Every structure is written in structure tokens, then in C-alpha cells.
There are 4 protein chains.
Amino acid sequence: MDNQTGDAPEGAGRRVSSGAKRSVEAESAVLAAARDLLVEKGWAGFSIEAVARRASAGKPTIYRWWPSKADLFLAVYIAEKDDVVVVQETGDLVADLVRYTEGLWSFWRDHPAGAAFRGLVAEAQGGGAALDILRDKFLPERLAPVRDLFARAAARGALDVGPTDICLELWIGFNWLRLLTDRLSDPECLPGVIGWVCGGPGRGR
Amino acid sequence: MDNQTGDAPEGAGRRVSSGAKRSVEAESAVLAAARDLLVEKGWAGFSIEAVARRASAGKPTIYRWWPSKADLFLAVYIAEKDDVVVVQETGDLVADLVRYTEGLWSFWRDHPAGAAFRGLVAEAQGGGAALDILRDKFLPERLAPVRDLFARAAARGALDVGPTDICLELWIGFNWLRLLTDRLSDPECLPGVIGWVCGGPGRGR
Amino acid sequence: MDNQTGDAPEGAGRRVSSGAKRSVEAESAVLAAARDLLVEKGWAGFSIEAVARRASAGKPTIYRWWPSKADLFLAVYIAEKDDVVVVQETGDLVADLVRYTEGLWSFWRDHPAGAAFRGLVAEAQGGGAALDILRDKFLPERLAPVRDLFARAAARGALDVGPTDICLELWIGFNWLRLLTDRLSDPECLPGVIGWVCGGPGRGR
Amino acid sequence: MDNQTGDAPEGAGRRVSSGAKRSVEAESAVLAAARDLLVEKGWAGFSIEAVARRASAGKPTIYRWWPSKADLFLAVYIAEKDDVVVVQETGDLVADLVRYTEGLWSFWRDHPAGAAFRGLVAEAQGGGAALDILRDKFLPERLAPVRDLFARAAARGALDVGPTDICLELWIGFNWLRLLTDRLSDPECLPGVIGWVCGGPGRGR
DNA sequence: TATTAAACGAGACGGTACGTCACGTCTTTGC
DNA sequence: GCAAAGACGTGACGTACCGTCTCGTTTAATA
């Protein structure tokens with residue numbers, strides 16, 4: 001009998017209808033509501049209905065500016081993308097990458113970005129624009145720091161230059177797998193895995 | 001969740017009777033309808049309601065045996081995949097795994113099950129039962145053949161016994177990554193990647 | 001529809017075993033469960049499903065002996081009818097009828113029969129067999145004692161013989177009205193009402 | 001948990017848009033469908049599902065305006081009440097009441113209202129909101145005209161003021177009894193019965 | 001005494017209806 | 001003329017019973 005998804009907006013900051021111009025408050029209220037819902041309820045709690053309720057916005061207003069769920073979701077994700085993990089490089093490829101990955105996992109766990117990214121992957125499976133964005137824009141962009149890490153390691157001879165892309169894909173695939181199956185809670189496994197990806201103890205360079 | 005109307009009669013004089021048996025026709029009709037719907041409409045057209053309609057089955061019958069959409073999907077997936085990806089083992093771990101993976105990719109590409117599986121992953125990001133099924137039931141079950149492959153390789157000394165699970169997760173992570181970003185079209189990359197995963201040229205055994 | 005029992009090729013033996021006898025335990029368990037459910041949950045909690053569960057009986061067993069919900073109701077009611085109030089006749093029609101009615105009300109209030117009867121009336125509004133049972137079987141049967149009361153009063157000159165049926169219907173109508181609107185809690189009103197029905201103070205005899 | 005308006009004291013009125021108005025077509029389509037179903041199928045064929053189907057309305061629309069089956073019944077009944085018989089008062093209580101009752105019976109027989117009312121009584125036996133509506137809202141409202149008839153008769157000395165309520169309950173009880181047992185076909189009995197209720201020949205005034 | 005048909009418990013079956021939720025479109029009203 | 005509020009038809013959700021239908025077991029009358 002309760003309103004479980006997206007509470008009523010209650011007293012405080014009720015916006016009032018702004019009239020004829022596109023309302024900046026409306027836009028940011030919608031984006032904020034969408035982000036908060038993703039944080040609190042995850043992708044399942046992310047519905048246009050709930051966002052409208054939370055933002056005190058009309059559903060048609062949302063549909064007018066973000067014609068599909070994917071559009072709204074992408075807008076939220078893009079608005080959040082400023083935070084990035086940065087790691088001090090020590091020259092030890094495996095150690096650096098382990099620390100970088102630990103940072104990434106905790107970032108995914110603690111920030112809306114984790115839920116948002118899971119949502120993006122989910123949305124992409126519908127086959128629309130989200131897929132293109134995920135593959136052609138998001139992936140290369142997000143991978144750049146790690147690619148550089150590998151590149152510098154290869155440059156100083158710590159890694160064959162050939163398998164760089166293989167390592168990259170194995171590393172990102174493993175991370176996705178863990179994120180998408182909600183198993184980011186044991187970063188102790190990382191040294192072993194990443195050691196293996198990078199060439200492993202007792203295995204060649 | 002309780003039995004609110006008319007308690008079960010508990011212990012005492014219970015006579016025993018097996019009751020009616022599960023109807024094989026009903027089960028296969030449901031599975032067939034589910035499969036056909038997946039083929040025709042994809043994950044979006046896959047609803048319990050639609051399956052029941054198509055199978056001329058009652059909804060409760062479906063819920064009795066497949067408590068969630070994910071369960072039903074899993075049953076369809078399993079019934080289909082076992083018919084498809086089977087590999088003759090040669091004793092060469094990398095070669096065997098490459099051929100198994102090629103089979104998996106072509107199955108995902110050519111068969112509705114691929115799209116359907118992407119749907120399941122998307123569904124799981126909502127955090128409900130689909131996630132549990134995906135992680136606790138689907139993954140272990142589907143990985144069994146590959147796990148055995150590794151286990152047998154380790155048994156004959158072709159692989160250290162330690163990193164078996166690491167290899168497994170790297171392998172499945174890579175495959176998911178390719179599936180979810182719709183990049184299953186270049187299986188030529190597989191020997192290189194799988195070689196690296198299994199210990200790579202000039203590494204390990 | 002099949003005529004599976006008919007066929008008997010005349011002449012020969014065509015003997016049929018009589019099979020097991022109707023189980024007395026089953027019958028009484030079902031009736032007891034039905035009564036208890038009516039007491040505890042009222043008409044709303046009274047479903048064949050729930051009765052079967054409570055009685056540890058199979059649904060077909062119930063349907064075999066009580067083909068409709070109304071039949072089962074009626075059986076419950078009749079099984080309880082031995083408790084029906086019997087009033088010592090004093091010769092004062094109004095006083096006797098008041099005491100009889102008080103007994104009826106408390107019977108309706110305290111016994112499952114009240115709930116059962118309300119359920120039967122409800123069921124009868126669907127227009128099926130329940131209506132026939134209610135009108136043609138239940139009503140005349142239940143009214144017999146009161147009809148006799150009136151008849152004896154008329155016989156001794158305490159009531160015109162003409163309006164007997166009118167009085168009966170007024171009396172039963174009033175009781176139904178009170179029962180169906182759940183207002184059996186003020187039997188103090190009975191002397192006034194019944195006095196009026198029977199001819200009232202300062203009126204008639 | 002209340003505070004649904006936010007009330008903001010400060011500025012002017014803090015008025016909020018009222019939103020779209022209730023659709024008159026939807027409302028009347030639902031009521032018409034409900035009435036027709038009652039006429040054609042009776043209480044048994046009356047389900048929210050069927051009404052929605054027939055009215056080409058959504059179930060949520062129905063539940064929005066008529067939260068329970070009882071409410072919808074009541075609405076159907078009330079929507080029909082304009083046809084209710086109005087009787088020219090002659091000053092002869094019995095004759096007036098007989099004519100009023102004849103009108104009521106033919107109204108019950110010929111209009112959906114009869115079936116609707118029977119359904120309401122049935123529903124009320126479940127003990128939910130329908131019972132409260134029937135007893136506290138429907139009964140007093142429907143009885144008002146007859147109560148007035150008695151009151152005016154008492155005022156002009158044609159009836160003792162005391163037994164007014166008794167007469168009322170006898171009258172309504174008798175009518176219910178006839179309706180609920182589907183015996184509205186012999187209105188010739190009415191003069192006798194109502195004469196008796198109002199004081200009978202040779203009794204009272 | 002052995003056979004056999006019926007009644008039993010259990011419960012699966014195809015269905016209907018329930019009441020809720022979210023979808024995306026539409027209309028009304030106020031700024 | 002945009003935006004809020006929100007009603008609308010649609011349709012899936014998961015649950016409760018309906019009444020019918022097998023199942024194997026138990027039981028008692030017949031032969």
C-alpha cells in the first residue's frame with residue numbers, strides 16, 4: 001500500500017510551474033531525481049514514472065526532452081562522468097594495475113557510477129543508441145588510462161607489445177563480469193588475477 | 001507468505017499419496033512456446049503472460065515450475081545450448097578451448113539464445129531474482145564443461161592446478177564482454193586470447 | 001458426457017463391484033472444516049480449496065458429495081440444526097415467539113449457522129442452484145416450527161387464520177434484514193416488533 | 001507522513017494545477033457496461049475484469065474511481081435512481097405505501113437496479129466495506145421517502161408515532177425477503193401485507 | 001480368499017479474476 | 001506556449017480459487 005518507488009516530493013523544495021520557457025530547474029530536477037533513484041533503488045527503481053514523481057515533473061515533460069529511457073539514462077551517466085580514479089605510477093605494472101583496479105571497484109561500489117554503468121550495459125542490450133555509445137565512446141574513453149599503463153610498461157620492456165590489447169580486453173572483461181554479477185566485494189583476488197593477465201609469476205616476462 | 005487459510009494438517013495420521021504427476025506435455029509446450037517467442041519477438045516479447053497464451057497453459061502452471069522469468073529463460077537456454085556446443089576433446093587444451101569458444105560464439109550469433117542471454121544479463125542489473133539466478137545457477141552450471149576442460153588439462157600436467165579459477169573467470173569475462181558489446185564477429189582473435197589465458201606462448205607449460 | 005458407465009451388454013453378468021463405502025471420517029472432516037472456516041473467516045474465507053486443505057481432503061471428494069458450494073453450505077447448516085432453540089409453548093403467542101426469536105438470534109450469533117446462512121443468501125444472488133435450494137427447500141423447512149406456532153395460536157382463537165402467512169413473512173423478513181445487515185445485537189426490540197406483527201397492543205385480539 | 005500539500009505559508013496561494021479532469025465518457029462507459037453486465041449475466045457475470053473489457057476501459061481507471069466492487073455497485077444503483085417511483089400522496093397511508101411498493105417491485109424487476117442491489121447484499125455478507133455501505137449509507141438513504149411517508153401519516157394522526165421504526169423495518173424486511181428469494185411476481189399480496197404492517201383492518205386507525 | 005471397483009489424499013492442469021504497477025499518450029489548467 | 005498534474009487505455013505482474021483430471025493407495029463387497 002506504500003509508495004515504494006520514488007517518494008512523493010514532500011514539502012521542501014516544491015518547484016512551481018515556470019511557464020513558457022524550457023525550465024532549467026525542470027531539467028536539473030529530473031536529472032537529479034533520476035540519479036538519486038539509480039543510487040537508491042538501482043536500475044530496477046529507475047522508471048519514468050518514479051523519476052517524474054520524485055522530480056515533481058510531468059511525464060510528458062520528460063518524454064519531450066528525453067524521448068526514451070535510454071536517453072534519460074545516458075544524460076544522467078554523462079552528467080556524472082567527471083569522477084575518475086587516478087593512481088600514482090610506481091613502475092611495477094602489476095602492482096600499479098592492482099591498485100588502479102581496486103580504486104575502480106571501490107568507485108563502482110561507492111558511487112552512483114557503478115549502478116549507472118550497470119544500467120548502461122543493461123540498456124545497451126536493447127540494441128539502441130546505448131550500445132553504440134557503450135562500445136564506441138564509453139569503452140575506449142574509460143580504457144585510455146589502462147591502455148597507457150600497458151603502453152608505458154611495454155615501452156620499458158616490462159611487457160611484450162603484442163598482447164597489449166589482449167591484456168586490456170581480458171582485464172576489462174573480468175571487471176565487467178564481476179560488476180555485472182555483483183561480485184566486487186573481494187578485491188583480494190585481484191593480485192592473482194592481474195598477475196596472470198600481465199604474464200604471471202613464473203611465466204615469461 | 002503464510003498459509004493463511006486452513007492450516008496444513010501436520011504430522012499425525014497423514015496418509016501418503018503422490019498426487020498427480022507433472023505433465024510432460026505441459027512442460028514441453030511451455031518451453032516450446034517460450035523458445036518460439038524468444039525467436040520471434042526477442043527478449044522484449046518474452047513475458048509469462050505471452051508464454052502462457054501461446055502454450056495454452058495457465059499462468060499458475062508456469063509459476064509452479066519456473067518461479068521467475070529468469071528461471072524459465074534459463075530452462076529454455078539450457079535446453080537449446082546442450083544441443084549445440086559440443087566439442088571433441090583432443091588433449092590440446094588451447095585448441096580444444098578455441099573450438100569450444102568458436103562454437104559458443106556462433107551459437108550466440110546465430111541463435112535467438114544469444115539475444116535472450118543478453119536480455120537476461122540486462123534483467124539481472126535490476127537486482128532481483130534474475131541476478132541470483134545468473135550468478136548462482138547459470139554461471140556455475142554453464143561453466144562446468146569448461147571447468148572440466150581445465151581440470152583435465154591440469155590433471156595431465158598441462159596447466160598448473162592453482163590458476164584454474166582465474167583462467168575460467170578471464171575466459172568467461174572476455175566472452176561476456178564481446179557478447180555484451182556486440183563484437184562476436186572476429187573469432188580469429190580467439191587463438192591469441194585463449195593462448196594467453198591458458199599460459200600463453202613461451203609461458204607456463 | 002461419454003456414457004462410460006452405461007453400455008452394459010444386457011444379458012450376461014454386468015455385475016459391478018460396489019467398491020468402497022463412503023468414508024464417514026472424510027464426510028465429517030469436511031463438514032467440520034467447513035464449519036470452522038465459516039466461524040473463523042466467515043463467508044470470505046470459505047472456499048472449497050480451503051475446506052479441502054483444512055480437512056485434509058481431496059477436492060474431488062468434496063465435489064463428489066456436495067456438487068456446489070450451496071450444497072455444502074446447506075449440509076453445514078443442517079448438521080447444526082439440532083442445536084436449534086426449542087421453546088416451551090405457554091399459550092401466549094407473542095411471548096412464545098419472542099423467546100423463539102431470541103433463541104434464533106443468539107443461534108445465528110453464536111453458531112456457524114449464522115455465517116453459513118448469510119453465505120447461502122449471498123450465493124443465491126448468483127441465481128444458480130443456491131437460489132432454488134434457499135427458496136424451495138431451506139425456507140419452508142426452517143419456517144415449519146414458526147408456522148406451527150401460528151397455526152396453534154389460530155386454532156385456539158388467538159389469531160385470525162387469515163393473516164398467518166403474512167405474519168410469517170413479516171417475521172422472517174425482519175429477521176433476515178437484521179441478520180444480513182449484521183444487527184442482531186439488540187434483542188430488546190423484539191417484543192415491540194413481534195407484538196406489532198402479531199396484532200399489537202390495542203389492536204386485534 | 002501527511003503534509004501532502006506543503007502548505008507554504010508565505011506568498012499568495014501556492015496554487016497547483018489541477019491536472020486533467022475526469023473523463024465523463026470513461027465514467028459513463030464503465031457505468032453502462034456494469035449495468036449491462038448485471039442485466040445480462042447477473043451478479044455472477046459481474047467482474048471488474050469484465051466491466052473493463054466491455055467498457056473498453058482500463059482496470060486502473062475503474063479502481064481509481066470505484067475502489068471496491070461494492071462502490072461500483074452502489075454507483076450503478078444510484079445512477080438508476082432517477083427512475084425511482086414517485087407516488088402522489090393521497091393521505092391514505094396504506095394505499096400510498098402499496099402504490100409506492102408496487103413501484104419499487106416493478107423497478108427492481110425491470111431495472112438493473114434490482115440485480116445490482118441483490119449483488120450488493122451478497123457482497124455485504126463477506127463482511128467488508130460493502131456491509132458498512134449497505135447498512136450505514138444505502139439503507140438510510142433509500143428508506144428516507146418511506147420514512148417521510150410514515151412521519152407525515154403520524155403527523156396527521158393516521159399512525160401512532162411510536163411504531164414508525166417498527167413499521168419501517170417490517171416493510172423493508174418483507175421487501176428484501178421477496179427480492180432475495182426472487183419472488184417479486186405477485187404484487188397482489190401487497191395490500192394485505194401492508195395493511196397489516198400499518199395497523200391492519202379493524203386495528204389502529 | 002482373491003479380485004475388483006470405488007473412494008480416498010494429493011495435487012497438476014487450463015482458466016478467470018483479482019488488485020497493482022509502469023508504460024506512453026492525451027487533456028486540462030495555470031504561469 | 002511550456003510545464004505541472006494527472007486521467008486515460010494497455011498490458012504484464014504474481015496470487016487465489018475455480019472445477020476437472022489423473023495418479024497411486026486403501027478398503028470393502030463380490031465371487
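What we have is a predicted model, in which local features need pLDDT of at least 70 and side-chain atom pairs count only at pLDDT 80 or more, while totals for chains, interfaces and linings use all residues. Side-chain values use heavy atoms, with hydrogens and water left out.

I begin with chains C and D: chain C can be laid on chain D with an RMSD of 0.2 Å by a turn of 179 degrees and a shift of 0.0 Å along the axis, the superposition being by least squares on the C-alpha atoms of residues with pLDDT of at least 70 in both. The two copies are thus related as by a two-fold rotation axis, and 100% of the contact residues of chain C recur in chain D, where contact means heavy atoms within 4.5 Å.

Turning to chain A, helix α1 runs over residues 24–41 and reaches 25 Å from its first C-alpha to its last, close to the 26 Å expected at 1.5 Å a residue, a span calculated as 1.5 Å times one less than the number of residues. Helices here are DSSP runs of H or I, at least four residues, numbered from the N terminus. The buried residues of α1(A) include A:A26, A:V30 and A:L37, buried meaning under 20% relative accessible area with a 1.4 Å probe, protein chains only, and among the elements covering them are α2, α4 and α6 of chain A. Just after α1(A), A:G42 takes a positive phi of about 75 degrees.

Within α6 of chain A sits A:E123, which, leaving aside neighbours within four places in sequence, is in contact with A:W43, A:K69, A:A70 and A:A130.

Conventions: Residues are numbered from 1 along each chain as its sequence is written. Chains are lettered from A and ligands numbered from 1 in the order in which they are written. Helices (H or I, at least four residues) and strands (E, at least two) are DSSP runs, numbered from the N terminus. Buried means under 20% relative accessible area, exposed over 50%, partly exposed in between (1.4 Å probe, protein chains only).
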